[in-house]
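Me: Hi! Could you walk me through the aromatic rings and one of the helices in this one?

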Amino acid sequence: MRELKILAVVVVFTLITYWGVEPFAHSQMHPHVEAADYQFKDVDGLGGLKGDAANGASLVQANCTACHSINKEGFPPVMDNATAAASYGVVPPDLSSSGKLYNAEYLAAFIKNPAKASKVEHKFVDGRVHPMPSYDWMQPQEIADMVAYLQSIAPEKMTNKEVFTDACQRCHGIKYGDMKGGSMAAKTPNEHIKAYMGKLPPDLSQYIRSRGESYLHTFVNDPQKHLEGTAMPRVGLTQEAEQQVVAYMQEVGDSKKAEREALGPKFLIYLVIFAIFAWLWKASKWRDVH
């Protein structure tokens, strides 16, 4: 009976410590931020306009293919990755899948003013300009047409790896995705992306473990919420695309998650059974002593 009282006291103090200290520590290390906004309500988007994909095709091909490839439509990259990175600071994305990956409102706002839409205006000051020019001189209907065209050529389905490649791999590598082949290295050479971003973007192989799924969702949706002043742009992914990015990071960096979580309850049951047998054994020995 005495041992049970001691156990009860230990449990009470443990719970007080946990519930009193842990939430405070968590709030300091992981401050609360607003939930991800997949509607991008703050951007100057389409304004309710419906686009004409046929007209958008002419506009995109006339204004975008000088820098961007659209492999699906027969427009290959103008330069190799190293040359493009040396010219722009970062490799311009292929636009074949942009209509699927990016929220339409965000995509329209990005075409109008890329630095503002991606929340990196603080980075382009004192004469520095965003590598992509603003197209806010175009008519709103023309921008809506461009978005409609990009959506019309986008694939209906993409694998998690394909989404990560198109959405993230221009800047970030994920070497655990292909350790030997090296195919998951960042497309922009290190020296160029470091100069463009201010520091070398991290490899994302273990970020699902070090940051966690919730943090990654809010960070990708709006990096400024967690790191005010960061050079990483708001990417503008749809909720589905963002979930696929995080899912791929989990496939690479935490492939045993399901197995580990399934083992947890079994291990706790084992500990409870072991504790019961240990207590019974101790009780029997104390009876012999007394």
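This is a predicted model: local features need pLDDT of at least 70, side-chain atom pairs count only at pLDDT 80 or more; totals for chains, interfaces and linings use all residues.

Me: Great. How many aromatic pairs does the structure hold?

Reply: There are 8 aromatic pairs. Take tyrosine 215 and phenylalanine 219: the ring centres are 5.7 Å apart and the planes meet at 10°, so this pair counts as stacked.

Me: Where do tyrosine 215 and phenylalanine 219 sit in helix H11 relative to each other?

Reply: They are 4 residues apart in H11, which spans residues 213–221, so about one helical turn separates them. In general, an α-helix has 3.6 residues a turn, so residues three or four places apart point the same way.

Me: And are tyrosine 215 and phenylalanine 219 buried or exposed?

Reply: Both tyrosine 215 and phenylalanine 219 are buried.

Me: Which residues form an aromatic cluster?

Reply: Phe40, Tyr106 and Phe110 make up one cluster.

Me: Switching to charges: what lies over the face of tyrosine 196?

Reply: That's lysine 123, at 3.6 Å from the ring centre. Tyrosine 207 has a charge over its ring too, namely the charged end of arginine 211, 4.5 Å from the centre.

Me: Now the helix. How many residues has H12?

Reply: H12 has 15 residues, 239–253. From first C-alpha to last it reaches 21 Å, close to the 21 Å expected at 1.5 Å a residue.

Me: What do the buried residues of H12 pack against?

Reply: They pack against helices H4 (98–101), H8 (160–168) and H10 (207–210), and against H11. Among those buried residues are Glu242, Val245, Tyr248 and Met249.

How values were computed
Residues are numbered from 1 along each chain as its sequence is written. Side-chain values use heavy atoms; hydrogens and water are left out. Rings of Phe, Tyr and Trp (its six-membered ring) pair if their centres lie within 6.5 Å; planes under 30 degrees apart count as stacked, over 60 as edge-to-face and the rest as tilted. Helices (H or I, at least four residues) and strands (E, at least two) are DSSP runs, numbered from the N terminus. Buried means under 20% relative accessible area, exposed over 50%, partly exposed in between (1.4 Å probe, protein chains only). A charge sits over a ring if NZ of Lys or CZ of Arg is within 6 Å of the ring centre and within 35 degrees of the ring normal. The expected span of a helix is 1.5 Å times one less than its number of residues. Contact means heavy atoms within 4.5 Å.
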